[in-house]
Every structure is written in structure tokens, then in C-alpha cells.
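I opened the model today to look up a few points. These entries record what I found.

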Amino acid sequence: INAEYMGVFRGLKDARSYFYIDCRSGISVINCILNSSSAAAYDHGFYITNSNDVLIDSNDVSGCGDGVYACQNSNNIQVLQNNIHDCGRHAIYFLKSSGRIEDNTMMGNGFPSDIRLSQCNSVILNNNNTSKPIERSHK
């Protein structure tokens with residue numbers, strides 16, 4: 001499944017995420033604008049669980065809890081060239097997942113780290129624009 005949308009997705013109803021990707025492979029989401037309204041703040045822009053080979057590329061994500069959240073042994077999650085800003089928590093949070101986080105711009109997010117890696121064995125980080133430290137934990 002590939003999603004490419006040049007308009008703006010605006011959250012109007014209560015939901016957990018704009019894109020909920022569960023037990024999937026070969027998903028690409030490119031050139032989308034995810035803009036959560038204060039009336040219905042989404043918990044995640046992208047919620048990726050138990051999935052493989054997912055590409056999140058060139059999106060603008062704002063107003064969510066976490067911009068991109070990958071968990072539960074998701075593998076080869078590629079988060080590339082996104083603008084993630086004004087989220088309540090992290091721009092990108094990987095939990096027990098692997099992949100590549102590269103060329104993203106992150107600013108104005110709520111937590112002290114824009115990128116959090118928790119219990120991750122293999123995540124490649126390159127050329128991300130953030131002034132905050134990367135948070136890593138093995139517990």
C-alpha cells in the first residue's frame with residue numbers, strides 16, 4: 001500500500017493515530033501533511049507495530065503526541081526527510097524496533113529529546129536536524 005497525498009489531513013475526531021500500521025509489510029507514506037487540531041489531538045502521527053519495510057518519507061507532521069512511533073519488533077522502518085514539529089512528546093520514538101532515521105528536521109516538540117530509542121538493537125541515525133540530545137535506553 002502506498003499513500004501519497006498533497007492535501008492536509010486534519011484531525012477532527014478522537015482517534016489514536018493518523019496512520020495505524022499493524023502487521024503490514026511494504027507500506028510507503030510520502031508527501032503527506034498531518035496537522036492535528038487542538039480539538040482532537042492525535043496520539044501519534046504514525047503508529048507502526050509488528051510491521052516490516054515501512055517508509056515514512058517527506059511528510060510534515062505537527063500537533064500529535066509522538067510524530068512517529070514504531071514498536072513491537074517492527075523492522076526496517078525508514079523515517080526519512082520529514083519535518084516533525086510542535087508535537088507534545090517526541091518527534092520519533094522507536095521501541096523494540098529497527099531501521100533508519102535520516103535527514104529529518106525536528107523542532108518545538110515537548111519532550112527533552114526529539115528522538116527516543118528504547119530497547120532497539122539496530123537503528124541508523126544520520127544527518128537529523130535537532131538541537132536536542134538523542135535518548136537511548138536498554139530497559
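This is a predicted model: local features need pLDDT of at least 70, side-chain atom pairs count only at pLDDT 80 or more; totals for chains, interfaces and linings use all residues.

**Entry 1: Asn-82**

I looked up the accessibility next. The relative accessible area of Asn-82 is 2%, and buried means under 20%, so Asn-82 counts as buried. The side chain of Asn-82 reaches the backbone oxygen of Ile-56 at 2.9 Å.

Asn-82 and Ile-101 are 9.6 Å apart in space, C-alpha to C-alpha, and 19 residues apart in sequence.

**Entry 2: Ile-56**

Ile-56 lies in strand S7 (residues 52–57). Its relative accessible area is 0%, and I noted Ile-56 as buried.

Which residues does Ile-56 touch, not counting residues up to four places away in sequence? I listed Val-29, Phe-46, Ile-48, Val-68, Gln-78, Val-79, Leu-80 and Asn-82. For Phe-46 I also took the spacing: Ile-56 and Phe-46 are 10 residues apart in sequence, and their C-alpha atoms are 8.5 Å apart in space.

**Entry 3: the sheet**

I turned to the strand order. I found an open sheet of 6 strands, ordered S3-S6-S9-S12-S15-S17, with parallel pairing. The edge strands are S3 (17–22) and S17 (135–137), each of which pairs on one side only. From one strand to the next, the twist averages 5 degrees.

I went through some of the pairs. S3 and S6 pair in the parallel sense over 5 bridges; in S6, Ile-48 is the bridge partner of Ile-21. In S9, the bridge partner of His-44 is Asp-66.

The bridge partner of Leu-117 in S17 is Arg-136.

How many residues of strand S6 (residues 44–49) are buried? I found 6 of the 6 buried, so S6 is largely enclosed by the rest of the structure.

**Entry 4: positive phi**

Last, I checked backbone angles. Most residues other than glycine have a negative phi. I noted exceptions, including Cys-23, with phi near 55 degrees. Cys-23 lies in the loop between S3 and strand S4 (25–30).

Where is Asp-53 found? I placed Asp-53 in strand S7, where Ile-56 also lies. Phi of Asp-53 is near 55 degrees, a positive value in a residue other than glycine. Asp-53 is partly exposed, with a relative accessible area of 40%, whereas Ile-56 is buried at 0%.

Terms used. Residues are numbered from 1 along each chain as its sequence is written. Side-chain values use heavy atoms; hydrogens and water are left out. Two strands pair if DSSP finds at least two bridges between them. Helices (H or I, at least four residues) and strands (E, at least two) are DSSP runs, numbered from the N terminus. Axes are lines fitted to C-alpha atoms, for helices over the stretch in contact, and angles run from 0 to 180 degrees between N-to-C directions. Buried means under 20% relative accessible area, exposed over 50%, partly exposed in between (1.4 Å probe, protein chains only). Contact means heavy atoms within 4.5 Å. A polar contact is a pair of N or O atoms within 3.5 Å; within protein, one must be able to donate a hydrogen and the other to accept it, and residues adjacent in sequence count only if both atoms are side-chain atoms.
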